[in-house]
Amino acid sequence: MSERKPAGRPVRVALLGCGTVGTEVVRLLHEQADDLTARVGAPVELVGVAVRRPNKHREVPAELLTTDAAGLIDSDVDVVVEVIGGIEPARTLLLAALRAGKSVVTANKALLAEHGGELFEAADASGADLYFEAAVAGAIPLLRPLRESLAGDRITRVMGIVNGTTNFILSAMDGTGASYAETLEEATQLGYAEADPTADVDGFDAAAKAAILASLAFHTRVTAADVHREGIASVTAADVAAARELGRAVKLLAICEREVDETGGEAVSVRVHPAMIPRSHPLAGVNGAFNAVFVEAEAAGQLMFYGQGAGGAPTASAVLGDLVAVARNRVVGGRGPRESAYADLSVRPMGQTPTRYHVSLDVADRSGVLAQVAAVFAEHDVSIAVVRQQGRGEDASLVVVTHSAQDSALQSTVDKIAGLPVVREVVSVMRVEGEES
Ligand SMILES: NC(=O)C1=CN([C@@H]2O[C@H](COP(=O)(O)OP(=O)(O)OC[C@H]3O[C@@H](n4cnc5c(N)ncnc54)[C@H](OP(=O)(O)O)[C@@H]3O)[C@@H](O)[C@H]2O)C=CC1
Ligand SMILES: N[C@@H](CC=O)C(=O)O
Ligand code: NA
């Protein structure tokens, strides 16, 4: 049997933040210390933990705690792990770390989606590593496959469920009919939601993740501001019921596509919005805080990544994986991949993106109603795929599913239909994904 080589100089780690994720990072570092030493080839030593409230009870030796995150970064540390969240002070702290040549591991999607370019430039200037697997889809290995394993292929589309909190809420609305407020409270208790859960519910968190995914997949820079964003606050029990009746489920999807624009050049479209998908679609069976992401690449074809997208331990797993990678790089004197944003692709406005709509209407059951509604679709050059009319007298309903058309044309169609005297109420309007257009 070969003998293990003696471990080298310890890799000294500063942890910024010790909440839901940070607590689990500390636990895993402690419980797996020997294995980590063997895998890295040197001990991985936690030398300090920066928090906001040092007197809060936590399972961390008191001598490691500090409120001086900047001072901790400035001390003799090799790697900075940031799980504070938000833009400041995280941005200033991580720029200081990278400029000083210290490798950074972060779970902070909000920061990366807004200031990723600046962080990558600081990392390149000093030769430090910047790893962030936990920032998108929690435990699921997704960003390193995009940055490394698929770097030789050409990715055309990325589509998936990337927010655990909203998926937890939508699954509950569909399954038990539980109320929105109750379920959001439960997601917060379970550590899935952001410090401010409106970031989840209003789609900001998923939009930040979509920006990161599009940037890595298409080798360009997409920021959160480039992403069309709609959250789940407007999804009603009526939408979920309408979807169920048609054999569909409602999911909050992030969709990143590479397309040829009207001038023949390449463009990307990046969007986050609720959509109805067929129950037979693999994403329809992704429930609770699980995430799943489809990647389509020219040579590889379709790939699907699935697993826990939120929660302390799953997210800490991704953080530890990155920590091992950057620690190994330190031990051998190497560096992981740099940012690959050489393609300067424009971002196509949502209005010009082809989508499909499901429209459910409460209408007067008079002769000619269907013809009037169909005329508005035709006027906007929107072709109808399915029409279903139900009921008699005062309780008639009309369900229309369109073929693919420009989103702005679909939006104008719905606005005009809402104003028709024969339409009593627009019960549900939602985009349709995951089936032939
Ligand atoms: N929770 C999850 O499922 C996931 C979270 N993430 C990301 O991980 C990051 C952390 O999330 P999470 O653990 O849930 O957040 P928490 O709110 O649970 O923890 C935040 C931690 O940061 C500390 N903190 C806040 N301000 C400062 C400061 N100025 N200086 C030092 N420490 C500070 C807090 O200290 P104190 O404890 O004293 O209040 C707390 O320990 C975020 O970027 C989040 O988006 C990513 C994937 C999944
Ligand atoms: N709040 C996020 C946490 C993980 O990124 C979510 O619900 O997905
Ligand atoms: Na991940």
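**The ligand shells and what lies around them**

Modeller: The residues around ligand 2 are Gly138, Asn163, Gly164, Thr165, Tyr192, Ala193, Glu194, Asp200, Asp205, Gly309 and Ala310. A residue is near a molecule if its C-beta atom, placed from the backbone, lies within 6 Å of it. This is a predicted model, in which local features need pLDDT of at least 70 and side-chain atom pairs count only at pLDDT 80 or more, while totals for chains, interfaces and linings use all residues. Residues are numbered from 1 along each chain as its sequence is written, and chains are lettered from A and ligands numbered from 1 in the order in which they are written.

By class, the shell of ligand 2 divides into 3 nonpolar, 5 polar and 3 charged residues. Here Ala, Val, Leu, Ile, Met, Phe, Trp, Tyr, Cys and Pro count as nonpolar, Asp, Glu, Lys and Arg as charged, and the others, Gly among them, as polar.

Ligand 1 is surrounded by 29 residues, and the closest are Gly17, Gly19, Arg53, Gly85 and Ala107. The classes in the shell of ligand 1 are 14 nonpolar, 10 polar and 5 charged. The chain is assigned domain 1 (11-138 + 313-332), domain 2 (143-309) and domain 3 (351-432); such bounds come from an automatic or database domain assignment. Domain 1 and domain 2 each supply at least three residues to the shell around ligand 1.

Which helix gives the largest share of the shell around ligand 1? It is helix 1 (residues 20-31), with 3 residues. Helices (H or I, at least four residues) and strands (E, at least two) are DSSP runs, numbered from the N terminus.

UniProt, in an unreviewed entry, lists a "binding site" whose residues include Thr20 and Val21. UniProt positions are given in the numbering used here, feature names are shortened, and annotations may be inferred rather than shown by experiment. Thr20 is in helix 1 and counts as buried because it has 20 C-beta neighbours inside 10 Å. The rule is that a residue is buried if 20 or more other C-beta atoms lie within 10 Å of its own, exposed if 12 or fewer, and partly exposed in between, with C-beta atoms placed from the backbone. Not counting residues up to four places away in sequence, Thr20 touches Gly191 and Gly312. Two residues are in contact if their C-beta atoms, placed from the backbone, lie within 7 Å.

Val21, also in helix 1, is buried because 26 other C-beta atoms lie within 10 Å. Beyond four places in sequence, its contacts are Val83, Ala107, Gly312, Thr315, Ala316 and Val319. Val319 in turn touches Val21, Val25, Val81, Val83, Val105, Ala107 and Ala134, again leaving out residues up to four places away.

The largest nonpolar core has 135 residues, of which Val81, Ala210, Ala211 and Val319 touch the most other members. Helix 10 (residues 204-218) gives the most to this core, with 12 residues. A nonpolar core is a set of buried Ala, Val, Leu, Ile, Met, Phe, Trp, Tyr and Cys residues joined through C-beta atoms within 7 Å.

Helix 10 also holds Lys209, where an unreviewed UniProt entry places the feature "active site". Is Lys209 buried or exposed? Lys209 counts as buried because it has 30 C-beta neighbours inside 10 Å. Its contacts, not counting residues up to four places away, are Lys109, Val136, Val162 and Ala254.

Two backbone details remain. Ala137 has a positive phi of about 60 degrees although it is not a glycine. Ala137 sits in the loop between strand 6 (130-131) and helix 6 (143-149), and is buried, with 32 C-beta neighbours inside 10 Å. The peptide bond from Glu88 to Pro89 is cis, with omega near 5 degrees, and Pro89 lies in the loop between strand 4 (79-82) and helix 4 (90-99).
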